[in-house]
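Dear colleague,

Please find the structure below, followed by an account of what was found in it. I would be grateful if you would read the two together.

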Amino acid sequence: MTPDDDPGTPASPPPEPPGGQAPARAPAQPRIGVDEWVASHAGRREGYRGPIGAARAQLERVPQPALFALFGVAAGFVPLFTNDGYYLRVGIDTLIYMLLALGLNIVVGFAGLLDLGYVAFFGFGAYGYAMLASPQFHLHWPTLAILPIVTVATAALGFLVALPSRRLIGDYLAIVTLFFGQLFVSVVNNGNRISILGFTRGYNVTNGPNGIANLDPFHLFGHQLESLRSYFYVALVFFIVVLGAVYLVSNSRTGRAWRSLREDPLAAELMGMPVNQLKLLAFAFGAGIAGLTGTLFASLNTAVFSSDFDTPLLIMIYAIVILGGAGSLGGVILGWLIVNITFELLRPNSDPNHATWIVFAVLIATLLVKIRPWAKLGAILAGTVAFGFAVHAIVSAVSPHNIHGQGAVAGSLGRALKHWVVLPAQPLQPGNYALVGLILLVLALTEMPARWRPFALVPTLYLTAFVWDTRLAFEPSITRLILIGVMLIVLMNARPQGLVGSARVEIV
Amino acid sequence: MNLFITELVAGIVHGSVYALIALGYSMVYGILKLLNFAHGDVYMIGSFIGYGVLTVFGGAFSPSIPIGILLILMFLSAMLGGGLLGVAIERFAYRRLREAPRIAPLITALGVSFFLENAAQLMFGANYQSYNTYSWDSNSSGLGVLWRNGFTAPGHVHVAVAQIIVVGGTFALMVGLTLFVSRTQLGRAMRATSYDRQAAEMMGIDVNRVIAAAFFIGSALAGAAGIFNGLVFQQIQAYMGFDAGLKAFTAAVVGGIGNLPGAVVGGLAIGLAESFTIGYVSSTFSDAIVFVLLIGVMILRPSGLLGRAATQKV
């Protein structure tokens with residue numbers, strides 16, 4: 001299974017301590033120089049029991065290049081099974097987001113720098129391709145020339161942006177890059193009349209908010225890329241090449257230096273590492289990958305618009321990298337799945353019924369996982385149903401016209417909900433107040449003593465259904481952004497290392 | 001000369017709003033070393049709270065109570081609401097992350113900001129809402145007449161009462177904050193916590209209380225800034241907090257982060273730079289000039305205009 005598992009490669013995981021050594025040590029005796037987390041790590045590794053634990057241990061033994069190759073081969077078969085444009089398009093988008101996540105992973109996951117202008121580098125790459133291969137300036141350069149030029153130019157831009165904050169702590173870098181991201185959008189938006197300090201006439205560089213259209217498709221080795229299927233393969237090649245490069249770099253001297261920098265910059269500096277140069281290098285490397293991905297994105301869409309590179313995309317990419325766990329490839333895939341399913345379910349003008357089923361299913365699944373004795377769970381669910389009917393009965397007795405409003409959810413589910421959820425004739429204002437109430441209730445829920453929680457959970461669940469039916473399901477495109485924000489907050493508070501990432505200690 | 005004075009007035013007014021937001025940024029950063037990206041959105045929420053109070057009392061067209069009382073009511077509710085929102089954000093989003101890796105609270109802050117912006121858009125809609133205080137002109141009370149006439153600065157530049165309120169209010173709040181931080185016991189505890197949190201804790205200071213107080217005061221100032229913005233510029237919108245927060249944080253950095261007078265100096269510098277760029281060069285470049293200012297300060301004086309160079313402690 002692992003013919004190339006050479007013990008000398010840096011890819012193989014560090015040898016595990018022989019069994020029996022760790023439990024034999026007296027727990028009361030701390031080892032000098034060894035962090036508590038490190039000491040308990042061996043113990044937790046032994047905790048992988050059962051078939052899942054065995055599979056996980058096996059998986060960790062496979063060298064990473066083999067996994068990458070396996071992934072590449074598996075992904076390469078995807079277009080053979082489907083000719084549906086939608087799935088191919090989703091596949092290409094997956095690869096593009098994963099490429100972006102790989103680049104961001106270097107900056108955030110390896111070097112520990114917060115790059116909030118990352119999307120601007122993506123946009124710079126896209127606009128770079130757009131200007132060199134479109135009727136905008138009547139330039140139609142060969143693709144193989146554009147790719148390295150744009151990648152290097154974007155990396156150089158990243159270098160320049162990070163340069164002023166090189167002497168400063170990471171937070172300043174965050175603010176400079178965030179500002180740079182905003183500036184990029186604003187300059188591109190106003191770039192249809194750029195005049196040099198107001199002295200010359202306005203030149204049309206970026207075509208402003210209308211974007212640049214009619215871009216050339218990729219032209220590689222004498223073939224013009226026409227179909228989505230060929231783009232899929234090109235994206236896959238990009239991904240494998242970048243993945244390989246990232247892998248090689250991360251296992252190189254530089255990669256190890258980046259990680260040591262992330263753990264403790266001060267100690268790294270004392271060990272003689274050129275901290276500032278390393279930071280700049282990581283930053284430029286990430287920016288270069290974003291630029292390269294931008295060219296692919298631009299030629300795939302055959303047009304670029306400034307609004308494609310705004311803050312929501314930044315938050316989305318961060319959510320992808322962070323949800324799964326920074327620094328892990330599997331985490332990136334998981335994060336992409338979560339974010340993309342959320343976005344696809346809550347597309348503008350999508351059928352709210354699908355989303356409603358999923359939302360209710362997720363709610364119940366969460367309760368299943370979180371609430372242990374079955375009797376308690378049953379009581380809470382039954383209580384919620386009874387509570388709903390009681391509220392419905394009371395409202396119908398007091399003001400009968402306030403139960404037959406129009407909810408967002410239609411179909412059989414909607415008809416069933418009508419008998420349970422109160423639907424005011426004018427759902428807008430009550431829905432807004434209920435949303436505020438729901439936020440307050442959820443916050444209170446996290447603070448109250450555990451024995452009161454089941455009682456508070458009942459109205460919370462009912463209010464969730466109410467807000468969903470009166471407000472959230474009406475505006476899916478805003479709801480999904482709210483959900484991404486909530487996911488980030490909850491995840492950072494519950495598991496800062498991400499869903500599949502491993503915890504690491506920060507030595508202060 | 002006329003243009004110069006117009007832009008000077010606009011810059012000071014704009015800068016005052018930035019300065020008020022920057023004060024909150026600076027206080028929180030000084031104590032927690034946290035970039036609270038959600039601070040700009042507290043300012044936005046404050047603006048909408050004021051709008052709500054204005055609407056409840058008959059709107060700008062027919063206020064059912066005297067304008068002066070209405071203004072005071074708007075300020076009080078926006079400051080209280082903003083302050084409570086700030087405390088809630090700290091309590092529920094940031095407190096658990098104080099010992100987490102540095103990047104975790106920053107990403108949480110982005111999440112909170114994103115959440116507030118979009119929740120506000122869901123509730124208030126994507127359109128601009130208008131304070132529309134022009135109509136107070138028709139009010140015949142003393143303040144109504146004053147509101148109509150305004151003042152005339154040298155060079156026949158019209159200065160509206162709202163602009164005076166903004167600059168005067170900012171000045172008053174700033175003086176109050178300075179007195180609070182330098183004279184009261186809680187203010188002293190705040191300075192101690194900002195200087196060295198662990199040592200302060202060992203001296204018996206309730207650090208949680210100090211941090212909550214810093215969030216309350218900073219967010220209340222942001223709420224007041226939201227009202228100022230509504231009074232002078234009339235237009236408010238759910239996404240306006242992001243840009244304002246960014247400019248205000250830049251102001252805090254330019255002035256020297258953690259330094260309260262520095263935040264005000266930085267805010268005024270940014271406001272003036274922006275308004276003179278709009279007046280003399282082009283409105284396209286107003287963001288760019290602020291960015292250049294930020295980069296310039298970072299290269300030439302990394303600790304900010306009024307800040308002292310900090311040594312990194314182990």
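Helix axes are lines fitted to C-alpha atoms over the stretch in contact, and the angles between them run from 0 to 180 degrees between N-to-C directions. Helices (H or I, at least four residues) and strands (E, at least two) are DSSP runs, numbered from the N terminus. This is a predicted model, in which local features need pLDDT of at least 70, side-chain atom pairs count only at pLDDT 80 or more, and totals for chains, interfaces and linings use all residues. Residues are numbered from 1 along each chain as its sequence is written, while chains are lettered from A and ligands numbered from 1 in the order in which they are written.

Packing in chain B

Helix 1 (residues 2-32) and helix 6 (residues 161-183) of chain B pack with their axes 9 Å apart, at an angle of about 35°. The crossing of helix 1 of chain B with helix 6 of chain B is left-handed (the near helix is turned anticlockwise from the far one by less than a right angle; clockwise would be right-handed). Contacts here and below are pairs of residues whose C-beta atoms, placed from the backbone, lie within 7 Å. On helix 1 of chain B the contact residues include B:V9, B:I12 and B:L23, and on helix 6 of chain B they include B:Q163, B:T170 and B:L177. This contact comprises 11 nonpolar, 3 polar and no charged residues (Ala, Val, Leu, Ile, Met, Phe, Trp, Tyr, Cys and Pro count as nonpolar, Asp, Glu, Lys and Arg as charged, and the others, Gly among them, as polar).

A second pair in chain B is formed by helix 10 (residues 240-255) and helix 12 (residues 286-300), whose axes come within 10 Å and cross at roughly 30°. Helix 10 of chain B is therefore roughly parallel to helix 12 of chain B (angles under 35 degrees count as roughly parallel, over 145 as roughly antiparallel, 65 to 115 as roughly perpendicular and the rest as oblique). Their crossing is left-handed. Helix 10 of chain B contributes B:K247, B:T250, B:V253 and B:V254, and helix 12 of chain B contributes B:V290, B:L293, B:L294 and B:V297. Of these residues, 6 are nonpolar, 1 is polar and 1 is charged.

Chain B has 12 helices and 4 strands in total.

The contact between the chains

Chain A brings 45 residues to the contact and chain B brings 43. Helices 8, 13, 18 and 20 of chain A each supply at least two residues of the side that touches chain B. The largest share, 12 residues, comes from helix 8 of chain A. This side of chain A divides into 28 nonpolar, 12 polar and 5 charged residues.

Chain A and its confidence

Chain A contains 20 helices and 6 strands. A:W336 lies in helix 14 (residues 329-345) of chain A. A:W336 counts as buried because it has 24 C-beta neighbours inside 10 Å (20 or more make a residue buried, 12 or fewer exposed, and numbers in between partly exposed, with C-beta atoms placed from the backbone). Leaving aside residues up to four places away in sequence, A:W336 touches A:T94, A:Y97, A:M98 and A:I320.

The pLDDT, the predictor's confidence in each residue from 0 to 100, averages 75 in chain A, with 76% of the residues at 70 or above. Confidence in chain A is lowest in helix 1 (residues 21-24), at a mean of 41, and highest in helix 6 (residues 118-132), at 88. Over residues 1-34 of chain A the pLDDT is below 50. Where pLDDT is low, the predicted coordinates should not be read in detail.

With kind regards

Key:
Contact = placed C-beta atoms within 7 Å.
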